[in-house]
Amino acid sequence: MKIGFKQIKQILVTAILLLSISQAIAQPKQSVTVVKRSAPAVKPAPMSHQLAEFIKLATHADVNFRFPRGFKEIKAPDNEDLSFDYAMTLPGKDFEIWLQVKSQKENWASYQNAQGRPNAELANPDSTYNLIAQAHAAAFTGENKFFVKPMPPEVLTRYNADAGKSYLLTLLDMPETKHYKYALLITLQKDHTGIIVAVCFTNDKGPEFFKDMDRASNCLKFKQVKNSQQ
């Protein structure tokens, strides 16, 4: 059987096509790099004027402040009877915290300078935290006697404080305190440095109140100064 020129040509073309297909199959597949687009950066919420001013006061008193998760800033009262620097609430709950910080550095320097003067009658600034707490407690309750507990040593160590007390208060029914029934007033003092006052408001003194309070328990503490000479 004779094979014509056209048949030979067709066989060659078929062989070339088969060879090309086999080579293409034999070649390793090139990996395709998928470029993932990163999510756009979330810009932090702008700092309020109230928070900016409070951080300045806290820094001057050697106090660190960290905004507690889940809380919302509210306006702090500032009048003749009740003056605080910052306030927060837990949305959906009857719970608020009012904060106040005071530097005692200048007062301590004045007290030291006055020690060499005759008839100097300046009070030791390290006792001021008691007077501030008692004044707040009286404004909240209309009384002069309170249930007071000194802060345990482990709590003072936790907050880098040298002294402190807590006051459990039954409040006057006042619009200034939004008609809250109870409050726990906490005051901490670091010698020659500063004072922290925190007032936690509630309508129920049950376990939930102390759970809510614990959520904000680490928002304020004095800076730990190593090898300081006081």
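Of the 230 residues in the protein chain, 36% count as buried, a class defined by a relative accessible area under 20%, with exposed meaning over 50% and partly exposed the range in between (1.4 Å probe, protein chains only). The model is a predicted one, in which local features need pLDDT of at least 70 and side-chain atom pairs count only at pLDDT 80 or more, while totals for chains, interfaces and linings use all residues. Residues are numbered from 1 along each chain as its sequence is written, and side-chain values use heavy atoms, with hydrogens and water left out.

The mean pLDDT of the protein chain is 84, and 77% of its residues reach 70 or more; pLDDT is the predictor's confidence in each residue, on a scale from 0 to 100. Over residues 15-29 the pLDDT is below 50, and this stretch has zero contacts in the model beyond near neighbours in sequence, a contact being defined by heavy atoms within 4.5 Å. Where pLDDT is low, the predicted coordinates should not be read in detail.

The protein chain contains six helices and nine strands, assigned as DSSP runs (helices H or I, at least four residues; strands E, at least two) and numbered from the N terminus. Among contacts in the protein chain with a separation of 6 or more, 58% are accounted for by residues 24 or more positions apart.

Helix α4 (residues 128-141) comprises 14 residues and reaches 20 Å from its first C-alpha to its last, close to the 20 Å expected at 1.5 Å a residue; the expected span is 1.5 Å times one less than the number of residues. Its buried residues are Tyr-129, Asn-130, Ile-132, Ala-133, His-136, Ala-137, Phe-140 and Thr-141. Seen down the axis of α4, these buried residues fall within an arc of 165°, so they line one face of the helix; the arc is that of the directions from the helix axis to the C-beta atoms. The packing partners of the buried residues of α4 are β4 (95-103), β6 (163-170), β7 (182-190) and β8 (194-202). Just after α4, Gly-142 adopts a positive phi of about 75°.

In helix α3 (residues 105-114), the buried positions are Trp-108, Tyr-111 and Ala-114. Viewed down the axis of α3, its buried residues fall within an arc of 125°, so they line one face of the helix.

Helix α6 (residues 207-215) has Phe-209, Asp-212 and Met-213 as its buried residues. Seen down the axis of α6, its buried residues fall within an arc of 100°, so one face of the helix is lined by them. Pro-207 and Lys-211, on the other side of α6, are exposed. The buried residues of α6 pack against β4, β7 and β8.

Aromatic side chains form 15 pairs in the structure, where rings of Phe, Tyr and Trp (its six-membered ring) pair if their centres lie within 6.5 Å, with planes under 30 degrees apart counted as stacked, over 60 as edge-to-face and the rest as tilted. Phe-209 and Phe-210 form an edge-to-face pair, at 5.0 Å centre to centre and with 65° between the planes. Phe-209 is buried, with a relative accessible area of 3%, whereas Phe-210 counts as partly exposed at 42% relative accessibility. One aromatic cluster is formed by Phe-84, Trp-98, Phe-140, Tyr-180 and Phe-201.

Thr-202 is located in strand β8 and counts as buried at 4% relative accessibility. Not counting residues up to four places away in sequence, Thr-202 touches Asp-94, Tyr-180, Lys-181, Tyr-182 and Phe-209. The C-alpha atoms of Thr-202 and Asp-94 are separated by 5.7 Å, although the two residues are 108 residues apart along the chain.

Positive phi values also occur in residues other than glycine, including His-179, with phi near 60°. His-179 lies in the loop between β6 and β7 and is partly exposed, with a relative accessible area of 45%. For His-192, phi is near 65°, again a positive value in a residue other than glycine. The loop between β7 and β8 holds His-192, which counts as buried at 18% relative accessibility.
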